[in-house]
Amino acid sequence: MFRKRWVWFLFIIGLIAVSFYFWKSRSSSYEVSVFKTDIGWGYQISNQGKPYIRQPMIPGIDGEKGFKDAEQAEAAGKLVLHKIENQEFPPSLTVEELKELGVEIP
């Protein structure tokens, strides 16, 4: 009788550990931040505190032009992060997507 309870106890502890592992692995470890450049604003996506993508200019347009302000850079970074979290690779942005976000394209 004691042995049977012990087996059930270990089984339940194992289920809790496996559930915690999968819950922890699903939580996002990515973060978006913005930064000022000589040409405007850019964004960076970090993974567990380490730089993953650094985008100092508006992607997908001719020339090197930065985002007009921090809000536009952050909006673009958040869309890229959304694509990463949904496993859309490459997580590139189109000019149409940028315009939908309100990014001013020079």
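**View A. Strand E2 is mostly covered, since six of its eight residues are buried.** This is a predicted model, in which local features need pLDDT of at least 70 and side-chain atom pairs count only at pLDDT 80 or more, while totals for chains, interfaces and linings use all residues. Residues are numbered from 1 along each chain as its sequence is written, and side-chain values use heavy atoms, with hydrogens and water left out. A residue is called buried under 20% relative accessible area, exposed over 50% and partly exposed in between (1.4 Å probe, protein chains only). Helices (H or I, at least four residues) and strands (E, at least two) are DSSP runs, numbered from the N terminus. The protein chain contains three helices and three strands, and along the sequence these follow the pattern α-β-β-β-α-α. Of the 106 residues of the protein chain, 28% count as buried.

**View B. Strand E2 pairs with E1 and with E3.** Two strands are said to pair if DSSP finds at least two bridges between them. E1 and E2 run antiparallel and are joined by eight bridges. They form a hairpin with two residues between them, and across this pairing Phe35 stands opposite Gly42 in E2. E2 and E3 also run antiparallel, joined by five bridges. Here Gln44 stands opposite Arg54 in E3. The hairpin of E2 and E3 has two residues between its strands, and Gln48 in the turn has a positive phi of about 55°. In a regular strand the side chains alternate between the two faces of the sheet.

**View C. The charged end of Arg54 sits over the ring of Phe35.** The distance from this charged end to the centre of the ring is 3.9 Å. A charge is taken to sit over a ring if NZ of Lys or CZ of Arg is within 6 Å of the ring centre and within 35 degrees of the ring normal.

**View D. Thr37 lies in strand E1 (residues 30-37).** Thr37 counts as buried because its relative accessibility is 18%. A polar atom of the Thr37 side chain lies 3.2 Å from the backbone nitrogen of Ile39. A polar contact is a pair of N or O atoms within 3.5 Å; within protein, one must be able to donate a hydrogen and the other to accept it, and residues adjacent in sequence count only if both atoms are side-chain atoms. Contact in general requires heavy atoms within 4.5 Å. Apart from its neighbours within four places in sequence, Thr37 is in contact with Gly42 and Pro56.

**View E. The aromatic rings of Tyr43 and Phe67 form a tilted pair.** Rings of Phe, Tyr and Trp (its six-membered ring) pair if their centres lie within 6.5 Å; planes under 30 degrees apart are stacked, those over 60 are edge-to-face and the rest are tilted. By this rule there are two aromatic pairs. The rings of Tyr43 and Phe67 have centres 6.0 Å apart and planes at 55°, so this pair is tilted. The pair links distant parts of the chain, 24 residues apart: Tyr43 is in strand E2 (residues 40-47), and Phe67 is in the loop between strand E3 (50-55) and helix H2 (70-85). Tyr43 is buried because its relative accessible area is 3%. Phe67, at 1% relative accessibility, also counts as buried.

**View F. The largest nonpolar core has 16 residues.** A nonpolar core is a set of buried Ala, Val, Leu, Ile, Met, Phe, Trp, Tyr and Cys residues joined through side-chain atoms within 4.5 Å. The residues with the most contacts inside this core are Tyr43, Ile45, Phe67, Val80, Leu93 and Leu98. E2 and H2 are the elements that give two or more residues to this core, and H2 supplies the largest share, six residues. Leu93 touches Tyr43, Pro59, Ala76, Leu79, Val80, Lys83 and Leu98, when residues up to four places away in sequence are not counted. In soluble globular proteins, nonpolar side chains tend to be buried together.

**View G. Leu101, in the segment after helix H3 (95-100), is shown with helix H2 residues, among them Gln72.** Leu101 and Gln72 are 29 residues apart along the chain, with their C-alpha atoms separated by 7.5 Å. Leu101 counts as partly exposed because its relative accessibility is 33%, whereas Gln72 counts as buried at 8%. Leaving aside neighbours within four places in sequence, Leu101 is in contact with Ala75, Ala76 and Leu79. By that rule, Gln72 is in contact with Phe67, Gly102, Val103 and Glu104.
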